[in-house]
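Q: Please take me through a structure one feature at a time. I would like the general idea, then the case in hand.

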Amino acid sequence: MTTTIIKTTTRILASLILVFGAYIILHGHLTPGGGFQGGAVFASGLALLIVACEDEIVKKRFEKVPLSPLESIGALGFLGTALLGLMGYTFFKNVIANSGFIFGGKTPIGINPGYLNTGGTLAYMNIFVGMKVLAGLTSIVLIFFLLLGGKKDEW
Amino acid sequence: MNGNIIAINFPFIVVALLLALGFYTIGFKRNLIKVVIGVEILESAVNLFLIALGYVKGGYAPIYTLAPKKAVGNMVLPTPQALTLTSIVIGVAVSALMLAFAVNIYRHYGTLDVTRIRRLRG
Amino acid sequence: MNFTLLSPSGFWDPVLWLIFLILFGIIGYIIYSRGNPSYKPNTEQVKPYLSGNVEPSKEKIMVRAGDIYWGFITALDEYYVALKRMHTGDLRDYILWYLGIGAIILFILVGGV
Amino acid sequence: MMEHLPALMIAIPLFGAFTTPLLKKRQNIAAIWALIITVITFGLSLLLLQEVLSKGIIVYVFGANKPTLVLPSGYRVPVRIIFEIDAMGAFMALSATLMSFIGALYSYSHVEMETGLEKYYALLLLLEVGIIGMVLTGDLFNLFVFLEVAGIAGSALVGFRNYRGEASEAGIKYLMVSSVASLMVLFSIGLLYGQYGNLNMAYLSRQIHLDTVDMIALGLLFVSFAMKCGAVPMHYWVPDAYTEVPAGINPTLLVATYASLYALFRVSFSLFGAITWNMARVGWIMSILGVLTMFIGVTMALVQKDVKRLMSYHAISQTGYMLLGVGVGLTVLNDPAKLSAFGRAAMAGGIFHIINHIIYKSLLLMTAGALFYVTGTRNLNEMGGLARKMPYTTIAFIVGAAAISGLPPFNGFASKFLIYETSYQLNPLLAVFAMVTSVLTLASFVKVFASAFLGPPLEKYEEVREVPKPMVTAMIILAILCILFGLFPNVVLNKLIYPAVDALIKLAQYQSWGGLV
C-alpha cells in the first residue's frame, strides 16, 4: 500500500489538509462549512497519514491517542454549550453572541468582510463538533485499516 | 416551451433515475457491498432532490461574508441545504456501520453473497 | 374509584370477576376435599404402567416443542408452504416487498380506488 | 425549570450517552450510571405527563428567547425547531423511559460477561434519545433525524454480540430496512417542503390539500412507517432483529418499533388530518394491514422452535391489534355519530394495547433471555423441566403468557376486549380474525410453557439456578404492572389513554400549537 508516490504526496499535502480542516472548523460561522465538514477534512488528512505508514507504526502512534474520550468530550461540550441557553432563555439559545465574551463580538448587519470574533455559541459548537467528528472518523478509518490492513486483496 | 420544461425539471429526472438505479441495485445485486452501494445511491438521490428544491433562479447563497451588493434581498432560504448536510452526516454513520457489519459477516460466513447470508429465516 | 370499564355495548369489571373467581375457587375446593384421599406419593402407585415393559428414560419420551400441534401444522400444510416461501430471509426481498406494498398503497391513494 | 422539561428529556439521556464511554475501565460503574440516568429520565417523563394532562399541549421552541415563542415578531411561519407535546407524545415518552429503565436494570446482570459494555449502555441511552425525540417533536425533519438516530443505535445494538455472525446479519438487515425507510421518509419530507416551504407539522397540516404530490408523500410516509413498525408483509426484519438483540435491549427496541407506529398515527391523524378526515380509505388500509399482520404473525409463531423468534412473531401479530384498533377509529373519523359510538373506544383499545403489549412482550422476551442465560440455547426442543429450577421466571412467564393471550384479569384482556367489540361494529369479519388470533396466541404459549418449563427435569440442566436478582427484579416489576393494568383498566384508560386519543382526534388544537396562535 505504501508506495513512494503516496509517501511523497503525503509529506507535502498532509499538513496542508490538516490546516485547511482547522480553518474550516474555525470559520464555520462565517463561510460555508463548519464542524462536520472541517472535521471530515481533518480526518481525511489523518487518514492519508494512516494509509502512508506501515501497520506497526500506525499502531504504535495511535495507541496513546485518546480518540474515544476526545469524541465524548466533543459531544459533551456541544451539549454543554446548548445547555447554556437554559440560563434565562431556551435550549440552544445563542447566549454568547453580542455579549463581549470570546467569539461574542458585536455582529455587523449586512455585507461584511467576516469577523472571526462573532458567532457566539455557534463557533464553540463548531469546534466541539469538529473535535467529535475528527475523532470519530479517524477511529473508523483506523479500525478498518487495522482490520483489513494485514490481509491482501481477498475480496 | 417544451424544451424548457425538460431543462427546468432536469434535476428531478436525474433524481428519478437515481432512485430507480438505487432500488435496482439493492433489489437485484448479489454482493453485499453492492447492496450497500445501492443504499448510498438512494441517499445521493434524496440529497440531490433536496438541493434541487432549494435552487432559486437568481438567488444567492445566504452568506453575508464578502457577498456581492446584489445579493442583499436575493438570498435563498438555507433550509434545504441544512437538511442535505444533516442527511449527509447521517449517511456517513449509516454507511460506516453497514460496512462494519459487512466485514463482520464476511469473517463469520466467509462470503458476501446475499443469497447465502440467510441463516435467519422462516 | 370506579373500576368498571365501560365499552360501547358492554362492561368489564375485574373486581366482580375476581369475586366470582374466589367464589368458584371455594366451591371447587369443597368438591375436591370431599374426594377419596387414596393418592400416596413416593410409592409404587405413581409409576406408569406400560404393559409390564421397562420405563424408557425421561429424555426419550419427553414431548418436544416440535411435536406439539403436529396435526394442526400438517393439516394446514399448503398454507405453511406458501408462508415459508415468503420468508426467504434474503435481505433484498425485504426491500422488494416494501416496494411492492408501497406501489399498491400509492395506487390506492393516488388512483382513488 | 418546569418549562424546560422537553429540552431536559433530550439533554439528560444524551448527557448520559456521552459520559458512559468515558467509563471504559470500570464497566460496572457504567452500568450503574446508565441505570441512574434512565431513572432520572423516567421521573422527568412522569412530570412531563402530569404537565401535559393538566395544562394541555406543551410547546417548546429551541433557541428562542422564550419556550413558547412560536412566531417571533415579523414572522408568519415558524422557522425554528419546535417540540410539540400532546398527551399521545407524553404517553409514548413515558413508555420509552420506563422500558429503558427496565432494560438497563435487566442488562446489569444479563450482559455482565460481555465486553464493550460502555458502548452498550451509551447506545441504549442513544436509542432512548431517538425514541423520545421522535415522539416529542413537532418538526417533520427533526422526526427524520431522530428516526435515524434510533435506527442506527438500534441496529448497532442488534449487532452487539459481534462474535456471532447471525447478530451481524440481523444488524445489517435492520439497518438496511431502517435506512431505506428513513430515506423515503426524507424524500416525502422533501416533497412536502417543495409544496409548502415549511417543515412544522402543525403549520403544514393547515395547508395540506388533496393533491397528487401530497398523496404520494402520504403514501411514502405511510408505507415507510408501516415497514418500520413491522406490518405484514414488510415484517421480515422483526424476528431477525428481536432474536439477535441482547434481551436487555428488547424492551427499548420494542418501544422504538412503536415509536414508528406513533409516527404513522401522527402522520395519518395530525399531519394529513385534513385529508384523512374525509377519506375512510386510509383507515381501511390500516385495518386490513392490521388483520393481515395479526393473522400471519400468529400462524408463523405457531411453527417456530426458537423461543425468542416465536415471541417476535407474536410481537408482529400484536402490532396488528393496534393497527386494527386505530384503523377502525380512523375509518369513522368523519362520522361524529359513529366516532362517539365506537370509534373513540376503538382507538382507545389500540393505544391501550401499545402500552399493554410493550409491558407483557418485554416481560416475555426477558423470560426468554433468562432461559437463554441459564441454558445457553434458544431452541425449545432442547429445553424442559425448568419450572422447578426457576420459580420467579416461571411465574413471570405465566403472567406474561396469560396477558398476551387475553386471559382476564391481566392487562391484555382489557384492550383486546375494546378492540373486539368495536371492530365487530365496523365489520364482524375483523372481530372474527382478532378472536382467532387470540386463541392461536394462547395455543402457541401453551406450547412454550409445556416444552420449556414443564416435563421431566433434564440431566444437563441439573446445575441450573434462578437468574440473578436484577433480572428477577425487572421481570417482577413488569409482571406486577401487568396485573395492575389488568385490575384497574379504567383508571389507566381515563388518566392516560383517553387524553391521548383525544389529542389525536382534536386536530384543530394540534394545528394551533395548543391555542398559542
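Q: At roughly what angle do helix α12 and helix α17 of chain D cross, and within what distance do their axes come?

A: Some ground rules come before the answer. This is a predicted model, in which local features need pLDDT of at least 70 and side-chain atom pairs count only at pLDDT 80 or more, while totals for chains, interfaces and linings use all residues. Residues are numbered from 1 along each chain as its sequence is written, and chains are lettered from A and ligands numbered from 1 in the order in which they are written. Helices (H or I, at least four residues) and strands (E, at least two) are DSSP runs, numbered from the N terminus. An axis is a line fitted to C-alpha atoms, for helices over the stretch in contact, and angles run from 0 to 180 degrees between N-to-C directions. Here α12 (residues 280–302) of chain D and α17 (residues 428–453) of chain D cross at roughly 25°, and their axes come within 9 Å. That makes α12(D) roughly parallel to α17(D). Angles under 35 degrees count as roughly parallel, over 145 as roughly antiparallel, 65 to 115 as roughly perpendicular and the rest as oblique.

Q: Is the crossing of α12(D) and α17(D) left-handed or right-handed?

A: A crossing is left-handed if the near helix is turned anticlockwise from the far one by less than a right angle, and right-handed if clockwise. The crossing of α12(D) and α17(D) is left-handed.

Q: Which residues of α12(D) and α17(D) meet?

A: Two residues are in contact if their C-beta atoms, placed from the backbone, lie within 7 Å. On α12(D) they include V291(D), M294(D) and F295(D), and on α17(D) they include L430(D), F433(D) and L440(D). The residues of this contact divide into 11 nonpolar, five polar and no charged. Ala, Val, Leu, Ile, Met, Phe, Trp, Tyr, Cys and Pro count as nonpolar, Asp, Glu, Lys and Arg as charged, and the others, Gly among them, as polar.

Q: How do α9(D) and α13(D) pack, and at what angle?

A: Helix α9 (residues 237–244) of chain D and helix α13 (residues 307–331) of chain D pack at about 135°, with axes 8 Å apart. That makes α9(D) oblique to α13(D). Their crossing is right-handed. Among the residues that meet are V238(D) and Y242(D) in α9(D), and K308(D) and R309(D) in α13(D). This contact has six nonpolar, two polar and two charged residues.

Q: Which pair of chains shares the most contacts?

A: Of the five pairs of chains in contact, it is chains C and D. In this pair, 38 residues of chain C are in contact with 51 residues of chain D. The largest share of chain C's side, 12 residues, comes from α5(C). That side divides into 27 nonpolar, eight polar and three charged residues. Chains A and C, by contrast, are joined by no contact, and their closest C-alpha atoms lie 20 Å apart.

Q: How many helices and strands has chain A, and how spread out is chain A?

A: Chain A has five helices and zero strands. Its radius of gyration (taken over C-alpha atoms) is 19 Å, well over the 15 Å that the globule rule (2.2 Å times the number of residues to the power 0.38) gives for 155 residues, so chain A is more spread out than a compact globule. Along its principal axes the C-alpha trace of chain A spans about 60 × 30 × 25 Å.

Q: What is the average pLDDT of chain A?

A: The term pLDDT is the predictor's confidence in each residue, from 0 to 100. Chain A averages 86, and 95% of the residues score at least 70.
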